Amino acid sequence: MISNYFTEMKNEVDQALDQHLLPSDCYPQSLIKSMRYSVFAGGKRLRPILVLAAAEAVKGPVKEVMPFALGVELIHTYTLIHDDLPALDNDDLRRGKPTSHKAFGESTAILTGDALQTFAFQLMTNVELMKEIPPGVILQAVHELSHAVGPLGTIGGQMVDLESEGKEIEAGTLEYIHRHKTGCLIRSCIRSGGILSQCSETDIEALSRFGENIGLAFQIIDDILDVTGNQSEIGKDAKSDIKSGKATYPALLGIEESKKKAKLLIDGGIAYLDHFNNSASHLREIALYFISRTH
């Protein structure tokens, strides 16, 4: 069952994060405390699990890939901290707990996000932790990820999202926001698992197509949950997208059409995994989980 797999992999990721993050008594303690607060505030660890499951799909060295997967989670956490800031979404809750700027103040939250991002790259480029993977391959994966979260990826999508608040936008602009703000990182997680495993170009292409589909579907489902979910389930203020005038698929297409679009994307993504047969079973189950998730 996918729930058992998620629980097992989340525990492994959490243990590794605790091991590699700076200890609580490290100076400056206020910064380290804030970093650990946000990293361990909850979360499904979906993105690092996708890195590991993709490596599994191509029969790569799953355990060797773990440090890179941890870096991905730190980058994801940094984006959430900055996304929640008063200058952007101004959210009070994240994963059912006060957001970083509410718990530690805005200046500390900004520095915490910066620290997590830079520490992530320190971790992902530590070749001593990934001795079975050639340094050149690690460099390729890091380049891939940095592109995915940079101005042509997550940050670019965030910028267009911010500029689109309160405006009527075309479907193409909305898709750009979703594919870049959320989809690029998810796609890169999956591709990185393949790159670090030194799989074939054919394998990478199949992983890429799968990642593109489920990355967009994930954000569409997030949009839906913002409308249909409640605060206890989604761990943040419900209907926050509506309140801030954000562009979403339910606002553009309605709930039912948005659900249909998400399902088509998931089904289409899973079809690309036929290339891998049984080795991609966990990737398939993760994609199906997307449709049924409530938070």
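In the predicted model, Gln 198 is partly exposed, its relative accessible area being 47%. The residue occupies the loop that runs between helix H9 (171-196) and helix H10 (201-228). Its backbone carries a positive phi, near 55°, although Gln 198 is a residue other than glycine. A positive phi of about 55° is also found at Asn 90, again not a glycine. Asn 90 is placed in the loop between helix H4 (62-84) and strand S1 (93-94). With a relative accessible area of 44%, Asn 90 is likewise partly exposed. A further backbone feature concerns the peptide bond from Tyr 27 to Pro 28, which is cis, with omega near 0°. Pro 28 belongs to the loop between helix H1 (2-20) and helix H2 (29-39).

As regards the overall fold, 15 helices and 2 strands make up the secondary structure of the protein. The radius of gyration is 18 Å, close to the 19 Å that the globule rule gives for 295 residues, so the protein is as compact as a globular protein of that length. Along the principal axes, the C-alpha atoms fill a box of roughly 50 × 50 × 35 Å. Buried positions account for 52% of the 295 residues. When contacts between residues at least 6 apart in sequence are considered, 72% of them join residues at least 24 apart.

The surface and the charged side chains were examined next. The protein has 39 negative side chains and 29 positive ones. The centres of these two sets lie 3 Å apart.

Individual residues were then considered within their elements. Leu 80 is part of helix H4. This leucine is buried, with a relative accessible area of 12%, a value to be read against the limit of under 20% for buried residues. Once neighbours within four places in sequence are set aside, Leu 80 is in contact with Arg 94 and Arg 95. Leu 80 and Leu 52 are separated by 28 residues in sequence, and their C-alpha atoms are 22 Å apart in space.

Gly 150 is found in the loop between helix H7 (135-149) and helix H8 (154-164). This glycine counts as buried, at 6% relative accessibility. Apart from residues up to four places away in sequence, Gly 150 touches Ile 155 and Gly 156. The C-alpha atom of Gly 150 is 9.8 Å from that of Leu 185, a residue 35 positions away along the chain.

Helix H14, which spans residues 255-271, contains Leu 264. Leu 264 is exposed, with a relative accessible area of 64%, a figure that falls in the range over 50%. Between Leu 264 and Leu 139 the C-alpha distance is 34 Å, with 125 residues separating the two in sequence. Glu 257 also lies in helix H14. With a relative accessible area of 41%, Glu 257 is partly exposed. The C-alpha atoms of Glu 257 and Ser 197 are 38 Å apart in space, and the two residues are 60 apart in sequence.

Definitions and conventions. Residues numbered from 1 in each chain as written. Predicted model: local features only at pLDDT ≥ 70, side-chain atom pairs only at ≥ 80, totals over all residues. Heavy atoms only, no water. Helix = DSSP H or I, 4+ residues; strand = E, 2+ residues; numbered from the N terminus. Rg over C-alpha atoms; globule rule 2.2 N^0.38 Å. Buried < 20%, exposed > 50% of the residue type's maximum accessible area, 1.4 Å probe, protein only. Contact = heavy atoms within 4.5 Å. Lys, Arg positive; Asp, Glu negative; His and termini not counted. Charge placed at Lys NZ, Arg CZ, Asp CG, Glu CD.
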